Amino acid sequence: MAIRPRFLTGFLFLFLIGSSNALISTPSAPKAISDLKEAIVKGLGFQTDEFKISGFDLRDALVGHSVAYEFNIEIDNKVLPFKLLEDVNRWEYVDLPIFRTEDSSSRTVDNDENALVESRKSDDQVLPVLAPFQLAGPMELWIQDAKDMRLSLPHDVDAGVLKKVILADGAVVTVKGARSVSLRHPLNLPLPLNRTSTNFASGLLTLADHLRHASRSQDSPILSLRIVGPTSLTSPSSSSSSPSSSDNKLKLKRLAPGLVELSSPSKSKAISTVNDDNGGVTLLGPDRFTTMWPLASLNGSNSNLRGFETLLYSVLGEKANEKGSFRLLKADVSAQTFVKMVFGVEKELKEEDGFNWEGFAEWKTKPKSVKMHFEVLAKVDGEKVVAEKVVQVNPVVAEDIVAPNVIMGNMTMSRIPTVLPPPNPFTL
């Protein structure tokens, strides 16, 4: 009679284990990754009934941050789009919000609201930002998605929620925590580009000087930029290398709710110019071939600036040295989050596939399927993951290990001729 209670106890224990495993089931893949997988499979033209897709494991996903540059240039009524991407310096494993399933997020809301608040704070910290940079007036800045933005002139000033900031001529601010900077209105840029032997990027500096003088005049609209998510606008420190930041104090003038104007008590020296024989403009002031307006912190010897100059000359061709103009329709610089994942594609071999077995050793077992490995580089865009590049990669090739009797043609050791090495006097 004592066996039956033990049996019932063991059965009840197994039932509880089974029910608990049913409750803690493995969550499905996030929708963002599922959509990425579906888009890649369709883009490569694979049929789900013929190919077996494996991979897309979040545990192997690498996350990195980079800066993307997007430009649209109009030349002779032709729009040429360009997209450049800096190399990712470091790849690491990061728990992004898009990697979390809906089940886990709903469970967090039901159990603890404070945990949800902490997760949102961590999500904000994951968002990449641009490195601090300086902007010089005259120009206007349209602020978007800036929560509790700090304004320091150089002391903190309470100006309310700012939507628009006007930088007067000579005013310089340092922007920190911005996620993207873009051009609000198209620009007409004159030609030719004047490049000198003293500076590789002098052609872009000449265009920058044209923009500065156009913004100072009353006939053309002022340069307008859109900045997303800045955390602070501060006057540059006195140790800055920019000549216009010798006086680090700025004056604040309230023009309307959410609209202020920043001006410098002592304007920086205006840069004088002269026209050359080709109709171009040559800089004569102290900023000649040094900084690029409106980016006061960008030096003319910057490697990215040299790359843009080379790209622009290759696109314009002979027109770069002829009198005329071209149009900059779009200019956007943004900090991006990228995900790198690997996946495999396996297909069963059939006779009608016509696979070439030439060079395949006869003693090897012929495989029944062929595998291909791919690596996808995708950009995180809000709640979506958009594939930027898919390349085929070669896995580590395994070395073949063959038994000695197979190499010798199944010859026994007794039939192998004896080879005596030459005598060595140092042999004991």
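These are my notebook entries on a predicted model of a protein.

**Overall make-up**

I started with the secondary structure and found seven helices and 21 strands. I then looked up burial: of the 428 residues in the protein, 35% are buried. For contacts between residues at least 6 apart in sequence, I noted that 74% join residues at least 24 apart. The accessible surface comes to about 27900 Å², and carbon and sulfur atoms account for 54% of that surface.

**Helix α2**

I turned to helix α2, which covers residues 31-44.

Which residues of α2 are buried? I listed Ala-32, Ile-33, Leu-36, Ile-40 and Val-41. They cover an arc of only 165° around the axis, so they sit on the same side of α2. Lys-31 and Lys-42 are on the other side of the helix, and both are exposed.

I next asked what the buried residues of α2 pack against. The partners are four strands: β1 (51-55), β19 (324-348), β20 (369-381) and β21 (384-393). Just after α2 comes Gly-45, where phi is positive, at about 80°.

**Cis peptide bonds**

The bond from Leu-153 to Pro-154 is cis, with omega near 5°. Pro-154 belongs to the loop between β6 (150-152) and β7 (164-167). The bond from Leu-191 to Pro-192 is also cis, with omega near 10°. I placed Pro-192 in the loop that runs between β10 (187-191) and α5 (202-216).

**Positive phi outside glycine**

Asn-77 is not a glycine, yet its phi is positive, at about 65°. I found Asn-77 in the loop between β2 (62-75) and β3 (78-85). Is Asn-77 buried or exposed? Its relative accessibility is 72%, so it counts as exposed.

Asp-145 is another entry of this kind, with a positive phi near 55° in a residue other than glycine. The loop between β5 (139-144) and β6 holds Asp-145. I noted a relative accessible area of 55% for Asp-145, which is therefore exposed.

**Thr-234**

My last entry is on Thr-234, which lies in strand β12 (residues 232-234). Its relative accessible area is 11%, so Thr-234 is buried. Setting aside neighbours within four places in sequence, I recorded its contacts as Arg-150, Ser-152, Val-172, Val-173 and Thr-174.

How values were computed
Residues numbered from 1 in each chain as written. Predicted model: local features only at pLDDT ≥ 70, side-chain atom pairs only at ≥ 80, totals over all residues. Heavy atoms only, no water. Helix = DSSP H or I, 4+ residues; strand = E, 2+ residues; numbered from the N terminus. Buried < 20%, exposed > 50% of the residue type's maximum accessible area, 1.4 Å probe, protein only. Contact = heavy atoms within 4.5 Å. Areas by Shrake-Rupley, 256 points an atom, 1.4 Å probe, with all protein chains shown as cover. Expected span 1.5 Å × (residues − 1). Arc of directions from axis to C-beta.
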